[in-house]
Amino acid sequence: MTIETQTPQPPRRWGRTVLAAALLLGLGGAGGFALGAYKTSSFFWHAMAPGKLTPEETASMVERKVNHVLSRVDATDEQKAKVNAIARAAVADLSKLGFTPRESRTKFLNLFRADQIDPDAIEALRAEQSTKWDAATKRIAQAVAEAGQVLTPEQRRDLTERWNRRVSS
């Protein structure tokens, strides 16, 4: 008979903080709204329906999602207000990037569909989109760090545990 022992795993605190803050930003959807999301009844299907969200609709939806997530970890009204302000500022900054995934996809398809492939045009479009994605992820990372500082370590751990349960199901 052998006894198996398990070695304790070191905590991954940085990754948990990033996941919790991303969850706070509308379960990863806030950036999508700001970067050209569209109206529909489902939060995650905005990119597939006609009609862009207005800035007011975007702000309202992000605020509802942030409040919903934070209510699950007993965040105070002050914490909710601070995180909502962070999320609103991030969404406003992201919307200024002019990132339009549908338009970019159409441009790529048109370049691919052409009689003669223009590698330089494809590379130029890729570089343009890469620059926008880089700017967007930097702004989201900044918002994640700011939101993480508002919450207690226990709240962040609770959020990441909830997130892990949700995505591992």
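I count two residues as touching when they have heavy atoms within 4.5 Å of each other. I am working with a predicted model.

**Entry 1: arginine 139**

I started by looking up where arginine 139 sits, and found it in helix α6, which covers residues 119-150. Is arginine 139 buried or exposed? Its relative accessibility is 12%, and since the cut-off for buried is under 20%, arginine 139 counts as buried. Next I listed its partners, leaving out residues up to four places away in sequence: arginine 139 touches Ile86, Ala89, Ala90, Asp93 and Leu94.

**Entry 2: helix α3**

I then turned to α3, which runs over residues 55-71 and has 17 residues. From first C-alpha to last, α3 reaches 24 Å, close to the 24 Å expected at 1.5 Å a residue. Which residues of α3 are buried? I noted Thr58, Met61, Val62, Val66, Val69 and Leu70. These cover an arc of only 160° around the axis, so they lie on the same side of α3. A reminder to myself: an α-helix has 3.6 residues a turn, so residues three or four places apart point the same way.

**Entry 3: α5 against α6**

Back to α6, this time with helix α5 (residues 101-113) as its partner. I found that α5 and α6 pack at an angle of about 165°, and their axes are 10 Å apart. That angle makes α5 roughly antiparallel to α6. The crossing of α5 past α6 is left-handed. Who meets whom here? From α5 I wrote down Ser104, Lys107, Phe108 and Leu111, which meet Ala121, Ile122, Leu125, Arg126 and Gln129 in α6.

Notes
Residues are numbered from 1 along each chain as its sequence is written. This is a predicted model: local features need pLDDT of at least 70, side-chain atom pairs count only at pLDDT 80 or more; totals for chains, interfaces and linings use all residues. Side-chain values use heavy atoms; hydrogens and water are left out. Helices (H or I, at least four residues) and strands (E, at least two) are DSSP runs, numbered from the N terminus. Buried means under 20% relative accessible area, exposed over 50%, partly exposed in between (1.4 Å probe, protein chains only). The expected span of a helix is 1.5 Å times one less than its number of residues. The arc is that of the directions from the helix axis to the C-beta atoms. Axes are lines fitted to C-alpha atoms, for helices over the stretch in contact, and angles run from 0 to 180 degrees between N-to-C directions. Angles under 35 degrees count as roughly parallel, over 145 as roughly antiparallel, 65 to 115 as roughly perpendicular and the rest as oblique. A crossing is left-handed if the near helix is turned anticlockwise from the far one by less than a right angle, and right-handed if clockwise.
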